[in-house]
Amino acid sequence: MQSTTLIHWLSQLTEPDTEKVKQATKQLQNLSLTNDFLLQLFHVLRSEQNDQIRILASVLLRRKITKSSATIPKDIHETLKHLLLEQIQIESNQRIRKSLFELIGTIAKQDLQHEVVEKKKKSSKKQNKNEVTGGWKEYLHLCGTLVQSTDLKQLELGMQLFATLATYCGKFVLEHWPHTFNLITTMLKTRPSTVVCEQALIILTSLVKVLEQKQYVQTIADLVPLANETIQHLFVNLKAENTTNLLDFYEALLDCELPNVIGAHLQSIISTCLQVALRNDESVLESVRYNGLSILAEICRQKKKVLLKNQAILPPIIQALLQIISLTSIDANSTTDDDEDEPVVVAGANHVLEAMSYHLSPEKFVPLVIAQVEPMLQSSVANERKAAYYVLSGIIDGCCDYINNNYLEPYMTALKMGLQDPSSDVSSAALLALGETCAVLEGEISKYSVQILPILMELMIKPENMQNHNLKVIRIYYAVEEIIGVLNEEHQHTIPEVLRVLFHVHASTTNTKVRELVLAVYPAISIVMKDKFAPYLEPVITQLSPNLSQKPNAESLPVFCTSLNTLASLCRAVGTDHCKAILIQALEFSLNLYGEIDEPEFRSAVFALGGAASRVLKNDFNSVHISKINAHIFESLRSLDWIEDLAATETRKLEWVEEEEIDTTASGINDIAEASGNEENDEDNSDNDELEDERMTIENAHVEEKAAAIEALGDIVENCMVTVWANLKDIVEHIKNMLEFPNLQCSQNAATAAGNLLISIHKMTTQTQITNEKQLVQDECDRLLIDFIPTLCTIINTSSSRSMAQITLDVVKSILEEVKLDMLKHVTLLEKIAYTIQKVLNYKTKCQQEDDEDNEESGDGREQDGDDDAEYDAMLISTGGDLLPILTSIACTGKVAFLPGYLHSIIPKLQKRLRHQASVSDRSFVIGVLAETVQNMNDILITPHLQSLFTMFYQYLLDDDDEVRTNACFGMGILCVIANQQLVGQYETILSRLSQVLIKETNIRMIDNICSCLCRMIVVSPKHVPLGQVLPVIFQHLPLREDFAEANSVFTCLSLLYEQYFTEIEPYLPKCIEMAASIIDDERVLPDAVLIIRDFLRSIYTKHSVAFVQVMQTLNEPLRVIVTKHLQTN
């Protein structure tokens, strides 16, 4: 082959003529099959004057070597290697040098892999582990020669070559660590040039990435200060475009699996990252500033203990974040669609705030934030006020309980001030903070709606906000939507006025996107109002109907999809009777359009509507519609549209070519590489997975489609399982696949769908009366339990996401509550669940693990008391603990062998969380869960724990928090029942404490529980309770006013007293009858309590009819009707 021929066809690839490119591609494919193709390419690379042709030759050369390594003759391989090592020493073109280093790295990696194979073949021969063999001698010899040169250019070349070897063959270079360590140390200390420093950092970073053995940890840790100083030096002395990879060393340290690598140098690393992030000038690229912030966020995730131990580190971080946000322009009037398009550095600052709020103890973190935010809220500089509101919105999700309990009043006052700020940027930031706050808080926040909703309504009807669609307007409607969601019944009277404003805006605006925002608020209102929304449904449907009556075009598709989603939410909230007709009409219309509109947002909306239809129509859901929706769901879940092949991206721009002058060649290069790679089987399988990972990205719209699809499938199996039974195999397959899908929302929805599936099938076992069918369904239920429960437990144990683990725990709890005693057929599964809960409570699951070195020193110190838990940590612990009562109930009933030992471990572990100064949420959780767990134990199981539980409940009867006291009182009553006669010796002590509490108690629920506790004690042993003193107290505080779940214990006691101690209760019979009449039909009373109350009334009516009739005459007519009804009920 002549070089001129090769050059000719390479030059044709640069032509804009497509036919010439195709012809050149075909010719080069043929030439690539010849033996001397590689050497000819190298000849072109070395001698050609046209840089564009040289770059093409280097691209083809590397791809050919990569894909065809197994078929390249050894002599050509060796010749090429020698030529490359020679050429790299004389090449002056920087882009070509980069390509040459990549070629050398590729060949060096192949040489190393070949030598490893050869060593395995000769494993019977003893060989020194560190002996340098084969082609590696040449690389290392050249490196050694160059790095010892006194010529700076030679030294730089040697370091670049060494860095290439470390990048491609890091594990092998690590075997020569002592020499490498000395070299890196010398270069970082002397800093001969910026190039040498850069390459030394690349070598160090590459070796940290492959660090697996502890013997290297200390020496690498010793290099951290030098590396840190060098990074700071380079940021000062390099051009901005050359600093993009300087922080990679920190990322490698954080990713390193071995502990103690960062050690005591964390503060200096944080300082460097802050310095980089704060450089708001052209000396640092925004992407590099973002990288610095991303590293800070990762430090907050991984090094929680160190940060909390050295709290002085935190204020500078918070101050820097405030400064970054305040100095960055965020245009509230921009036409961006959402907050995801905010400036990169602001997004990075938010990531740090979120990481801190999610992973640091709110008791220690929030006061530090508030101390810096408060002065900025009062600042005369608008940007500083804006930054303060951004910080508040960034921390609220992770610290919502703490802020709700300690800062709610000043927090909401500040938000109200921000909404009325004269600066549009500040009010926009306050709107965001308000929306984020209302999205996570509940309860007391409702009362602030009285002041805030009028401000929001005023903002909505401003002419500029009705006609313009911008970031601030989006945030207005976001805030309205979220604040509506927190309204309790007392404050829902403001909703009609909000609806009036929404109707006005929808009718007045000509901006389609603003109308879309209006439509998106209705679901939140309907969820709060439920069937009370029915009177407003007609005008809302009138607004929706035009959007759903004709095929949308590209411009109207967003509002069409929003209309479908709004209708779906309305149907879920309001029900079938009010919107069945439009639901079916919209579903048919959208299903008919399904094949014509190829947009993931449209498919997501159709799935949402289908899921809603299954919920409201249930068995009335047309089977044809279900079949169509299921088919579309399966198609979506199988689709690979979410994968973007980066090879296709290469057709637009070659990754190592900095200019776009040869974009048109990439297609040909790919084809040539593919043709030459088809000659042999790919033997380099070790890198395939890594390459494939790098070549896949997730398109958000397609992933959201999958999330909507699996959510709809979960709705369908929950409500229409009989209809889709024939598709069970496919359903199970898709749910299992989505459990492993690399997107959190998809896997969370899949976990919920798995729970819905198991629960629905188990319900079918009780609903079918046909023996054969029942056995078939039961067998399938058992099989799926065996299939899914271990998978769900594995997810809890191994997921790196706390929210995923938490949702999966909730799913397992729902399954146990449905299956109940049928789980006793699967004791091994029950035990697996039990020990998964134990791992959660012991902080042993993956998402609870921390890598900081403090954990190494403190052992299991963290698990002792939960001190320094972030709120998300505590939520996961709480969710795990919530499974204990139902698990104990099933296991205790079945007398399973593992339960006594299990409780012996779990109960003390929970009690340890009641440390000195334990948070209110911790105290409430532990007392409440243990009370409910005790309720499901028996007297034998309770005996070993009786004294510790009694002491705990007794102590917390005096707690300052209402909920903690109430839980303790409930627990004490339950403990008396389960312990039976074992606690009667403590009755006097208990009664004394309850009397002490009741004297000053004002909380109604606590008073209800004191009455219930006294009733339980009476039921267990009336003779140990001074009835003459206790009954007047009980009846003084009855009837129950809030905790109607205690009706069971109260009327069980009254029934016992009526039958066995009539004299003591006789004076209170009129009140007993009146209480029973007023409570028996209250929906808050549990069904089993209704039976007890009914029997109590019948007994009095039978044995003391005269007195009963006299009391009946004093009751109002509705109560007399209720009593009469229950007396006549069989």
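Which residues are linked in a network of salt bridges? Arg 572, Arg 615, Asp 715 and Glu 718 are, where a salt bridge puts a side-chain nitrogen of Lys or Arg within 4 Å of a carboxyl oxygen of Asp or Glu. What you're looking at is a predicted model, in which local features need pLDDT of at least 70, side-chain atom pairs count only at pLDDT 80 or more, and totals for chains, interfaces and linings use all residues. Residues are numbered from 1 along each chain as its sequence is written, and side-chain values use heavy atoms, leaving out hydrogens and water.

**View 1. Helices H48 and H51 side by side.** Here H48 (residues 920–935) and H51 (residues 962–979) have axes that come within 8 Å and cross at roughly 20°. That makes the pair roughly parallel (angles under 35 degrees count as such). Helices here are DSSP runs (H or I, at least four residues), numbered from the N terminus. Axes are lines fitted to C-alpha atoms over the stretch in contact, with angles from 0 to 180 degrees between N-to-C directions. Residues of H48 that meet H51 include Val 920, Ile 927 and Ala 931, and on the H51 side Phe 970, Ile 974 and Leu 975 are among those involved (contact means heavy atoms within 4.5 Å).

View 2. Val 288 sits in helix H15 (residues 286–302) and is buried, at a relative accessible area of 1%. Buried means under 20%, exposed over 50%, and partly exposed in between (1.4 Å probe, protein chains only). Leaving aside residues up to four places away in sequence, Val 288 touches Phe 235, Thr 243, Thr 244, Leu 247 and Val 276. Thr 244 is 44 residues away along the chain, yet the two C-alpha atoms are separated by 5.7 Å.

View 3. Glu 596 and Lys 551 pair up through their side chains, at 3.0 Å from N to O. Glu 596 is in the loop between H31 (576–593) and H32 (600–617), and Lys 551 in the loop between H29 (534–544) and H30 (557–574), so the pair ties together parts 45 residues apart in sequence. Glu 596 is partly exposed, at 48%, and Lys 551 is partly exposed too, at 46%.

**View 4. Arg 1016 and Glu 1046.** In this salt bridge the closest N and O atoms are 2.8 Å apart. Arg 1016 belongs to helix H53 and Glu 1046 to the loop between H54 and H55, so parts 30 residues apart in sequence are tied together. Both residues are buried.

Notes
Helices (H or I, at least four residues) and strands (E, at least two) are DSSP runs, numbered from the N terminus. Angles under 35 degrees count as roughly parallel, over 145 as roughly antiparallel, 65 to 115 as roughly perpendicular and the rest as oblique.
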